[in-house]
Amino acid sequence: MTTLQTAPEKAETVVRREALYFAFRNPKLLGGLAVVLILLAVGIFGPILDSGDPFAYSFTDAIQSPSGKHWFGTTTFGQDVFTQFVAGLRTTFEVGALGGGLTAIIGMVIGFVAGYRGGMIDEILNMLTNIVLVLPALAVLLIVNAYLGVRSVGMQALFIGLTSWPWVARAVRAQTFSLRTRDFVDLARLSAVPTRKIILREIAPNMSSYLFMTFILCFGGSILIASSLDFIGLGPTQGVSLGLMLQNAHQWSALTLGMWWWFIPPGAGITLIVGALYVANVGLDEVFNPKLRET
Amino acid sequence: MLSLADVSKVYRVGAFGGKTMTAVDGVTFDVDQGQVVSLIGESGSGKSTIGRMILGLTAITKGSITFDGAPVRPGADYYRKVQGVFQDPFSCYNPVFKIDHMFQLIRQIRPYTQEKLEESISSVRLEPGQVLGKYPHQLSGGQLQRLLIARALLLDIRLLVADEITSMLDASTRIDVLNLLVDLKARGLGVLYITHDLSLGNYLAERTVVLRRGVVVEMGPTEKVFEDPLHPYTRQLLAAVPRLHAPWEDARPAGCGVHSDVQPDPDHYVACSCEKEPE
Ligand SMILES: Nc1ncnc2c1ncn2[C@@H]1O[C@H](COP(=O)(O)OP(=O)(O)O)[C@@H](O)[C@H]1O
Ligand SMILES: [Mg+2]
């Protein structure tokens, strides 16, 4: 009896161990995650090393190249670039988590409902998805911006969430559509399980790896969009982000003045985070999808 | 117990439900307590649609289905009395959970003890210790199908809709599962046995309903339908021995056999066979 009961447990741990085994041996996943985690750690623990005000002016320290005192040098106004970089990383991760989370949540809710309900509801949600998909997001933002003076990280994340969910919705809808025709969904209905629970507890667990990967992509995408918005002057009016640093550097001609230390850290920061997330995602795909595993 | 009256189902297909497709057309029959009724028809004749309407999984377009006089209302109350088992046992289990999950789901509509669970698993001739705690892919189709019947027994239901439950099983397992249906009948359950397989239908059922393109062409006591088929379609269905190199011919009436106003036996219904035929 005891042997019979322990056998399935073993089988389960074997499956889990297999995923972990491939996860720990996947250089793309490990490398990508390492880069993101290091940058996240810099953003979180950076203030311990350097707790200055990112906006503190200092005319005596203006336009300094990197040194022991100012690791990443200073700006035209003598602001410490490393202090700004640390604060900027935080904002950038914040907008990634908020905007990416919002994108994923809106897209999943609409995708799940459209795919599960089908019929008329699906057609209407599909139409909405297509409308948002072809909406010129930038033009909308310019208009919204003209009316709403206050621009915070939260507003930026909200805007990203409200405009970039369609591709998530489409992909989730397609997967839900094929899963809901499986008989276990009918069996759950025959057990009087409410629709919300059927979607969350029966259908979603079958695509958990996919949903996880979607969130990672949304996270990276959100950072990229936020940085572009910052750069063209549609960023938050308060605080500092990597995109805003780039915009400042550009505005004060850092490139022509040869102040490379002003624009390289934020540029490299954005590229590294977004690039590493994409690489990690490719790695995850290989872990979850045995067909893609090399060797 | 279960009563279908002039039940029709029209599916909306195409963009914004532009086109329609009549899958079931004016079907009327009853299933009583302790009775097995077999619903026979070829693939696409609307059998599953009827089963799903009885189970409240698909809406009825026209007509009514009542259980003990009350119309079908999907919900805990109804599913304590009426349950279904389907064709593909592998698709009936959520692959990410152990099979215990399926039993867990019905706890909220009828609480049960661990003993009761093991008792119902034993009653479908399975060893509880060998199946509980396993993932669906670790069990065979026959075992999974029996567990679905155990689930129905645990709910203490009164009517089971069995939709081609043996068509994906191998011959020996098929007989075992059919014997379980005989047990159910002995317990006083009503069973709607949906099949396209004639040879097994008559083995169990008191009554047979022959369905063709969503329409009942003949129905009555199984022995009358099988020994004295009156509708040309039923005749052809019974006479049909699969032949190689010969295409399956759709039943075409050779002249008019029976008119609906000439019912030979009140208990043996035959549709008029000289209705306008498509093609
Ligand atoms: N959800 C649906 N939407 C549209 N048409 C359907 C749907 N389900 C079944 N049908 C159609 O209804 C007819 C009857 O199907 P079904 O009841 O599954 O037949 P059977 O179980 O006898 O093989 C088929 O032509 C099928 O294509
Ligand atoms: Mg069917």
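A residue is near a molecule if one of its heavy atoms lies within 4 Å of it. Keep that cut-off in mind for the first stop. The model is predicted.

**Stop 1: ligand 1**

Select ligand 1, then show what surrounds it. The residues around ligand 1 are Y11(B), V13(B), M21(B), A23(B), E42(B), S43(B), G44(B), S45(B), G46(B), K47(B), S48(B) and T49(B). By type, this shell divides into four nonpolar, six polar and two charged residues.

At S48(B), a polar side-chain atom lies 2.6 Å from an oxygen atom of ligand 1. At G46(B), a polar backbone atom is 3.1 Å from a ligand oxygen. At S45(B), a backbone N or O atom lies 3.2 Å from an oxygen atom of ligand 1. Now switch to a surface view: ligand 1 taken alone exposes 560 Å², and the protein buries 61% of that.

Color chain B by secondary structure. The elements that give two or more residues to the shell are β1 (2–13), β2 (19–31) and α1 (47–54) of chain B. Which of them gives the most to the shell? It is α1(B), with three residues.

**Stop 2: salt bridges in chain B**

Over all chains, the count comes to twelve salt bridges. Begin with D6(B) and K62(B), which form a salt bridge whose closest N and O atoms are 3.7 Å apart. D6(B) lies in strand β1 of chain B and K62(B) in strand β4 (residues 62–67) of chain B, so this pair ties together parts that are 56 residues apart in sequence. Are the two residues buried or partly exposed? D6(B) is partly exposed at 38% relative accessibility, and K62(B) is partly exposed with a relative accessible area of 45%.

Then select R158(B) and D68(B). Their side chains meet in a salt bridge of 2.8 Å, N to O. R158(B) sits in the loop between α6 (141–154) and β7 (159–163) of chain B, and D68(B) in the loop between β4 and β5 (70–71) of chain B; the pair links distant parts of the chain, 90 residues apart. R158(B) counts as partly exposed at 28% relative accessibility, while D68(B) is partly exposed with a relative accessible area of 45%.

**Stop 3: a network that includes both chains**

Salt bridges that share partners join D186(A), R189(A) and R52(B) into one network. Select these residues together, then focus on the chain A pair. D186(A) forms a salt bridge with R189(A), with the closest N and O atoms 3.9 Å apart. Where do the two residues sit relative to each other? They are three residues apart in helix α8 (residues 183–189) of chain A, and so are separated by about one helical turn. An α-helix has 3.6 residues a turn, so residues three or four places apart point the same way. D186(A) is buried, with a relative accessible area of 5%, whereas R189(A) is partly exposed, at 29%.

**Stop 4: helix α11 of chain A**

Finish at residues 242–251 of chain A, which make up helix α11. Select L242(A), G243(A), L244(A), M245(A), Q247(A) and A249(A), which are buried. What do the buried residues of α11(A) pack against? They pack against α3 (81–117), α10 (208–231) and α12 (260–288) of chain A. Just after α11(A), click on S253(A), which takes a positive phi of about 55°.

Key: Residues numbered from 1 in each chain as written. Chains lettered and ligands numbered in written order. Predicted model: local features only at pLDDT ≥ 70, side-chain atom pairs only at ≥ 80, totals over all residues. Heavy atoms only, no water. Polar contact = N/O pair within 3.5 Å; in protein donor to acceptor, adjacent residues only side chain to side chain. Areas by Shrake-Rupley, 256 points an atom, 1.4 Å probe, with all protein chains shown as cover. Helix = DSSP H or I, 4+ residues; strand = E, 2+ residues; numbered from the N terminus. Nonpolar A, V, L, I, M, F, W, Y, C, P; charged D, E, K, R; others polar. Salt bridge = Lys/Arg side-chain N within 4 Å of Asp/Glu carboxyl O. Buried < 20%, exposed > 50% of the residue type's maximum accessible area, 1.4 Å probe, protein only. Contact = heavy atoms within 4.5 Å.
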